[in-house]
Amino acid sequence: MTKNSLQQLHDVGQSIWLDNIRRSLITTGTLDRMIQEDALTGITSNPSIFEKAIAGSSDYDEALQKLVAIGKKSAGDLFEALAVEDIQMACDRLRPVYERTHGLDGYVSIEVSPHLLHDTAATIAEAHRLHDEVNRPNVYVKIPASEEGMPAIEGCLTEGISINITLIFSLGYYERVAEAYLNALEKRVAAGQSIEKLASVASFFVSRVDTLVDKLLEEKLKTAQGAEQEKLTSLLGKSAIANAKLAYEKYQAVFHKGERFAKLKSKGAMVQRCLWASTSTKNPQYRDVLYVEELIGPETVNTMPDQTIAAFKDHGKVAMTLTQDVADAHQVLRDLAAVGISYDQVTQQLLDEGGKLFSDAFDKLMKVLEEKREKLLTGMGR
C-alpha cells in the first residue's frame, strides 16, 4: 500500500503535530483517525486556538453549564477547567505514541497566560500549576521566548517540567533557548536527578517572518528602480525559510557536534528538537505547503493547522530540504541588512506582536466566557 505524503514525512524523521484543539476533535474520533492515518504524533494549542474553539462552537456548552453549577466563579476559572480537560483527553489519546517513542513524541501543549510574557515569577508559578493540573507525563507547558521568559524556561526545565518554548523568531534567542536546556540538564545531573524523561522543543514561528519582511520590502519597492528593484524583489518570500534553515544549522552544531550535549546524551538526554510553527501560508501567491516542503529534515517537528495537513496530504512532496542551500540562507540575511532591513528589529517586533495577538485572543475569550456564565446563572435563577 502506497504511503501518503504525511506518512512519508514521518518516515524521514519529521514529526507531524496538529496546531489545533477542540473538544469535538477528540470526542468524535477525528483525532484517533489522524493518529492512525496521518501519522499525527502531537498537538499544540495557544490562546487563539482556544478562543476559536470555545467562542466559535457549541462543543463546550454542556461542560460550561456543569462548571457554573458547581460554582466556578470567574471566566479564568472556566477557561482553565475547559482547557485542562481538553489537554488531558488529548494526552490520553496520544499516550500510546508517547510510550512507543519512549517520550520523544505524543505530546500535547498548553500555554501559560499571554499576559505573563514579561513576568518571570508568575510564569514559573503558572507553569507548575498547569503541569500539576493536567497531571500527564506527555504534557508540554508552553512558555514564550521573551527576555523574562528565559529564566522561567530554565527554571521549569531544571525542576523536571517538559517545556515547549514558543514565539521564537530570533536566532540569538534560539541560542539562548538551547543554552537554557543544556543548563537545566546539567543542573539535574549535578543534583543526581534523572534527565531521561525531560523533553523540550524550540518552536520557531515561520510564516510571520515573511509576512513582516515582505511588507517592509514592498514599501521599499515603491520607490526603487533598476538593480535595487531587482534585489528587493528577489528577497520576497525568502526570509522565513532562511531563518529556519539557519536555526537548524545551529541545532546541529549544538546537539550533534557539541561535546557539551554529547556528555548529557550519554546519561539519557534527548535532543531539544526544532519545531516549525505558523506554517500555514499567509500569502496566496505562495504555494500552500511552502513552509512544510522547504523545511523537511530529521529530528524536527512541523505543527500544522488542519487545512495545511489536508493540503500536504493531497499534494505535498517529501524531500530532505532543510539542509539544502544553507549558504543561500546566510546570504538572504546579509542581503536584508544591505537593503536596510534590521533582522533584530524585525524579530523583536514579531515577538511583541505575537504576544499581543495571543493576549487579545485571550481577552476576547474571557469576555465570551463571562457573558456565557452570566447567561447560565440567569437561567439558573441566581
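**View 1. Helix α8 and the elements around it.** In this predicted model, the buried residues of α8 are covered by elements that include α7, β4 (139-144), β5, α9 (171-190) and β6. Helix α8 covers residues 149-158, and because 8 of its 10 residues are buried, the helix is largely enclosed by the rest of the structure. The buried residues of α8 are Gly149, Met150, Ala152, Ile153, Glu154, Cys156, Leu157 and Thr158. Just after α8 comes Gly160, whose phi is positive, at about 90°.

**View 2. Glu126 in helix α7.** Helix α7 spans residues 120-134, and Glu126 is found in this helix. Glu126 has a relative accessibility of 15%, and it counts as buried because that value is under the 20% cut-off. When neighbours within four places in sequence are left aside, Glu126 is in contact with Val112, Ser113 and Leu116. For one of these residues, Ser113, the C-alpha atom is separated from that of Glu126 by 8.0 Å, while the two residues are 13 places apart along the chain.

View 3. The barrel is closed and has 8 strands, which follow one another in the order β1-β2-β3-β4-β5-β6-β7-β8 with parallel pairing. On average, and with direction ignored, neighbouring strands of this sheet are turned by 30° against each other. As background for reading this view, strands of a sheet pair through backbone hydrogen bonds, and the pairing can be parallel or antiparallel. Strand β1 (residues 14-18) is joined to strand β8 (residues 300-304) by 5 bridges, and these two strands run parallel; here Gln14 stands opposite Thr300 in β8. Strand β1 is also joined to β2, again in parallel, by 3 bridges, and Trp17 has Gly42 in β2 as its bridge partner. Between β2 and strand β3 (residues 107-111) there are 2 bridges in the parallel sense, with Ile43 bridged to Val108 in β3.

**View 4. Strand β7 between its two partners.** Is strand β7 mostly covered or mostly open? Strand β7 is mostly covered, since 5 of its 5 residues are buried. In a regular strand the side chains alternate between the two faces of the sheet. In β7 both faces are covered, with Arg273, Leu275 and Ala277 buried on one side and Cys274 and Trp276 buried on the other. Strand β7 pairs with β6 in the parallel sense over 5 bridges, and with β8, also in the parallel sense, over 3 bridges. Leu275 takes part in both pairings, for it is the bridge partner of Ser203 and has Val301 in β8 as a bridge partner.

**View 5. The largest pocket and its lining.** The volume of the largest pocket is about 530 Å³. Its lining is made of 26 residues, and those lying nearest the centre are Asp19, Asn46, Ser48, Ile49 and Lys52. The elements that each give two or more residues to this lining are the helices α4 (47-55), α15 (306-315) and α17 (343-379), together with the strands β5 (163-168), β6 (200-205) and β7 (273-277). Divided by class, the lining of the largest pocket holds 12 polar, 8 nonpolar and 6 charged residues.

**View 6. The second largest pocket.** The second largest pocket contains about 250 Å³ of space. There are 14 residues in its lining, and Ile35, Gln36, Ala39, Leu40 and Arg100 are the closest to the centre. At least two lining residues come from each of α1 (5-11), α3 (30-37), β2 (40-43) and α6 (75-100). Which element gives the largest share of this lining? The largest share comes from α6, which supplies 4 residues. By class, the lining of the second largest pocket has 5 nonpolar, 5 charged and 4 polar residues.

**View 7. Two loop residues with positive phi.** Asn135 is not a glycine, yet it has a positive phi of about 55°, and its place is in the loop between α7 and β4. With a relative accessibility of 57%, Asn135 counts as exposed, because exposed means over 50%. Glu299, which lies in the loop between α14 (290-293) and β8, is likewise a residue other than glycine with a positive phi, here near 60°. The relative accessibility of Glu299 is 29%, so this residue counts as partly exposed.

Definitions and conventions
Residues numbered from 1 in each chain as written. Predicted model: local features only at pLDDT ≥ 70, side-chain atom pairs only at ≥ 80, totals over all residues. Heavy atoms only, no water. Pairing = 2+ DSSP bridges. Axes fitted to C-alpha atoms, helices over the stretch in contact; angles between N-to-C directions. 1 Å grid on protein atoms, 1.4 Å probe; cavity = no way out; pocket = protein on both sides within 12 Å on 5 of 7 lines; lining within 4 Å. Points joined across faces, edges and corners; volume = space filled by probe spheres on them. Nonpolar A, V, L, I, M, F, W, Y, C, P; charged D, E, K, R; others polar. Buried < 20%, exposed > 50% of the residue type's maximum accessible area, 1.4 Å probe, protein only. Contact = heavy atoms within 4.5 Å.
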